[in-house]
Amino acid sequence: MKFDIIGDIHGCYDELMDLLEKLGYRFDDGIHIHPDGRMPAFVGDAMDRGPDSLKVMELLFARQDRGILHYSPGNHCNKLYRFMKGNQVQLAHGLEITIADWQSMPKKEQQNFRERYIRFYEELPQYLVLRDDLIVAHAGLKQEMIGVPVNRKIAVFTLYGDITGKFHADGRPVRRDWAKSYKGGPWIVYGHTPTEEPYLINKTANIDTGCVFGGSLTAFRFPEKELVAVPSSQPYQPDRFHRFI
């Protein structure tokens, strides 16, 4: 199976449509199909911050209903899940936009979406093993975590990366560059940390190129290891991009 792994969408529906078309997909009966049998996969965080989170989610629901969804949940996915389950969460970092859109729906549609999203999230694996040589995890995965039962440490790592517990002056968490020391066999494709250009090192690929911050939406084609991107239509926010050293 050949895959097109797509970076963090964050509600950028139009850019997602542009990227899927550029990759050769055609929209047919509610889902995107590739004439060569390729499949899209997603690094997570499809929602929050951008203008059309609910439209993006409906596309993903349709793929899950057909049994052809490949999606690795991110921290924004997890937070929305906790909200929909009735937990107290802070409405910030773009979640407030998704919730406002959801609350603008008629009450019956709100309830249907809540129930559908809970089922959506609960059916997702913590990370995707797509092939023997390809894993997709939202914020990454260390080699010693591959193939062992998922515990809390692994779950936190896949959602948030290699966090230190410290924060930058602007409030962003300080994270270690785990990919620099990765020596595993499979490729790890991930997102979570927006960079102006994809960050490829040691059989790892960070493809969150900050579409919602005015960068681009990027796909990593596998096994070709080719990058395909479309420009964002969102306002450019240069301070939101991380620069790996």
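Trainee: What should I keep in mind before starting?

Mentor: Residues are numbered from 1 along each chain as its sequence is written, and side-chain values use heavy atoms, leaving out hydrogens and water. As the model is predicted, local features need pLDDT of at least 70 and side-chain atom pairs count only at pLDDT 80 or more, while totals for chains, interfaces and linings use all residues.

Trainee: In what order do the 4 strands of the open sheet lie?

Mentor: Helices (H or I, at least four residues) and strands (E, at least two) are DSSP runs numbered from the N terminus, and two strands pair if DSSP finds at least two bridges between them. Here the order is 4-1-12-13, with mixed pairing. Strand 4 (39–42) and strand 13 (226–231) each have a single partner strand, so one side of each lacks a neighbour in the sheet.

Trainee: How many bridges join strand 1 to strand 12?

Mentor: There are 4, and the two strands run antiparallel. Ile5 stands opposite Phe220 in strand 12.

Trainee: Which residues have the most contacts inside the largest nonpolar core?

Mentor: A nonpolar core is a set of buried (under 20% relative accessible area, 1.4 Å probe, protein chains only) Ala, Val, Leu, Ile, Met, Phe, Trp, Tyr and Cys residues joined through side-chain atoms within 4.5 Å. In this core of 45 residues, they are Leu16, Tyr71 and Tyr117. Helix 2 supplies the largest share, 6 residues.

Trainee: Which residues does the second, separate core include?

Mentor: Among its 15 residues are Ile5, Val43, Leu134 and Phe220.

Technical notes: Buried < 20%, exposed > 50% of the residue type's maximum accessible area, 1.4 Å probe, protein only.
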